[in-house]
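Welcome, and thanks for taking a moment with this briefing. Have the structure open beside you as you read, and pick out each residue as it comes up.

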Amino acid sequence: MDETEFWEIIDSTREAADGDPEDHADLLVERLIRLDPDSVLDFARHFEARYNRAYHWELWGAAAVLLGGASDDAFDYFRCWLIGQGREIFEGALHDPDSLAELLDEFDEAIDGDGEELGYAADEAYEQLTGVVAPALGISAQPAEPEGTPLDFEDDGALAERFPRLWERFGPG
């Protein structure tokens, strides 16, 4: 599976789910079980590589603004959700996290920003296809600490300064 096919699967299942992250995960599993097990593992490698690429302080800060705070787990699920938004939004957010203010049409923190189930879709599909747990993917794990300079997510002034567009659109108040 190449990168284009990976993003096509993400996009088609997101569109069919009408933006609902849980439905997106269900549809993703349904789509993946139509593939052979090796292709599912390829999909999982693409997903995991992007998940690890998004482990960055700047993106975590943007997630904190969007979600009104972001614990370790919340940021993990945010990264899964971000991948689920497709290539343009994902790459745009990595390049400039503050650009999410323009890239996202809407953002409802009650349903958006949490793609936990998307992170498990390939594992679930592989297990349904083979009856066994997916093997190790053979790719590098994420670093112990996020890339970049740490941010203080409790400092509203610093977040507003670093992410002015996000803060204006999604910040408290």
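**A short tour of the model**

Let's begin at Trp57, which lies in helix α4, the stretch covering residues 57-67. Please keep in mind that this is a predicted model.

- Is Trp57 buried or exposed? Its relative accessibility is 11%, under the 20% cut-off, so Trp57 counts as buried.
- Setting aside residues up to four places away in sequence, Trp57 touches Glu145, Pro146, Glu147, Gly148, Thr149, Pro150, Leu151 and Phe153.
- Pro97 is 40 residues from Trp57 in sequence, and the two C-alpha atoms are 9.9 Å apart in space.

**The chain as a whole**

- The protein chain has 10 helices and 0 strands, and its elements run α-α-α-α-α-α-α-α-α-α from the N terminus on.
- The radius of gyration is 16 Å, close to the 16 Å that the globule rule gives for 173 residues, so the chain is as compact as a globular protein of that length.
- Taken along the principal axes, the box filled by the C-alpha atoms is roughly 50 × 35 × 25 Å.
- Of the 173 residues in the protein chain, 45% are buried.
- If you look at contacts between residues at least 6 apart in sequence, 74% of them join residues at least 24 apart.

**Surface and charge**

- The protein chain has an accessible surface of about 8800 Å², and carbon and sulfur atoms account for 44% of that area.
- How many positive and negative charges does the protein chain carry? There are 11 positive and 44 negative charges, and their mean positions are 7 Å apart.

**The nonpolar core**

- The largest nonpolar core has 53 residues, and those touching the most other members are Leu32, Phe43, Phe78, Leu82, Leu100 and Leu166.
- Helix α4 supplies the largest share of this core, with 9 residues.
- Phe43 touches Met1, Phe6, Ile9, Ile10, Leu28, Leu32 and Ala122, not counting residues up to four places away in sequence.

- Asp18 is found in the loop between α1 (3-16) and α2 (21-32). With a relative accessibility of 72%, Asp18 counts as exposed.
- Most residues other than glycine have a negative phi. The phi of Asp18, however, is positive, near 55°.
- Ser99 is found in the loop between α6 (87-95) and α7 (100-103), and at 12% relative accessibility it counts as buried.
- Leaving aside neighbours within four places in sequence, Ser99 is in contact with Gly92, Ala93 and Arg165. Tyr120 is 21 residues from Ser99 along the chain, and their C-alpha atoms are separated by 27 Å.
- Gly113 is found in the loop between α7 and α8 (116-130). At 3% relative accessibility, Gly113 counts as buried.
- Which residues is Gly113 in contact with, leaving aside its neighbours within four places in sequence? They are Leu67, Ala74, Tyr77, Phe78, Trp81 and Phe107.
- Phe78, one of the core residues that touch the most other members, is 35 residues from Gly113 in sequence, with 4.8 Å between their C-alpha atoms.

Definitions and conventions: Residues are numbered from 1 along each chain as its sequence is written. This is a predicted model: local features need pLDDT of at least 70, side-chain atom pairs count only at pLDDT 80 or more; totals for chains, interfaces and linings use all residues. Side-chain values use heavy atoms; hydrogens and water are left out. Helices (H or I, at least four residues) and strands (E, at least two) are DSSP runs, numbered from the N terminus. The radius of gyration is taken over C-alpha atoms; the globule rule is 2.2 Å times the number of residues to the power 0.38. Buried means under 20% relative accessible area, exposed over 50%, partly exposed in between (1.4 Å probe, protein chains only). Contact means heavy atoms within 4.5 Å. Accessible areas come from the Shrake-Rupley method with a 1.4 Å probe; for residues, only the protein chains shown count as cover. Lys and Arg count as positive and Asp and Glu as negative; His and the chain ends are not counted. The place of a charge is taken as NZ of Lys, CZ of Arg, CG of Asp or CD of Glu. A nonpolar core is a set of buried Ala, Val, Leu, Ile, Met, Phe, Trp, Tyr and Cys residues joined through side-chain atoms within 4.5 Å.
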